[in-house]
Amino acid sequence: MATPTDRRNVLIVDDHEPTRLLVGRIVTQELAARVTLAGTCEEALHRAEESTYDVILLDLLMPGIGGYEVLRKVRAQGPNRTTPILVLSVMSTRESMERCRRLGATAFLAKPVDRELITTMLRSVLAQKRATKQDGAAASPDNGR
């Protein structure tokens, strides 16, 4: 189990409250992560500007500007430009997956949510992120100064 100093921060963006709560429960139970929930695109953008996350889980079909635009804006600026973004959506067409990839999504998972699949994917993404961070620290011990 994770210790308090290595707990991950995860932002879950979905306008459907039962899905948001289910995914939040999975992430909390399986990864012992701190979870922040956002039910609107505007709230997601606000949260992504005010905090840095280890992973963002993003629904596409949301009222307002929609998930594609949230993905584009998070990738364009702010502290989460390089944060892994996993798209969770019922829109699992080849076109929607390709559009997400072009906009910078790390991975695409089709709904309904599969507990084992989402847990495996999150562990993989977090392990890659940790390895990249460690490789960067080893390659540049003075952090580029």
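I began just past α3, where G78 has a positive phi of about 95 degrees. I kept in mind that this is a predicted model.

Next I went back into α3 itself, residues 67-76, and asked which of its residues are buried. I found G67, Y68, V70, L71, V74 and R75. These residues share the same side of α3, because they cover an arc of only 160 degrees around the axis. I then checked what lies over them: the cover includes α2 (41-50), β3 (55-58), β4 (85-89) and α4 (94-103).

I turned to α1 (17-31). With 15 residues, α1 reaches 21 Å from its first C-alpha to its last, close to the 21 Å expected at 1.5 Å a residue. I listed its buried residues as T19, R20, V23, G24, I26, V27 and L31. They sit on the same side of α1, since their arc around the axis is only 160 degrees. After α1 comes A32, and I noted its positive phi, near 50 degrees.

My last stop was D14, in the loop between β1 (9-13) and α1. Is D14 buried or exposed? Its relative accessibility is 3%, so I put D14 down as buried, the cut-off being under 20%. I traced its side chain to the backbone nitrogen of H16, at 2.8 Å. Leaving aside neighbours within four places in sequence, I found D14 in contact with T19, R20, A38, G39, D59, M62 and K111.

Note on methods. Residues numbered from 1 in each chain as written. Predicted model: local features only at pLDDT ≥ 70, side-chain atom pairs only at ≥ 80, totals over all residues. Heavy atoms only, no water. Buried < 20%, exposed > 50% of the residue type's maximum accessible area, 1.4 Å probe, protein only. Helix = DSSP H or I, 4+ residues; strand = E, 2+ residues; numbered from the N terminus. Arc of directions from axis to C-beta. Contact = heavy atoms within 4.5 Å. Polar contact = N/O pair within 3.5 Å; in protein donor to acceptor, adjacent residues only side chain to side chain. Expected span 1.5 Å × (residues − 1).
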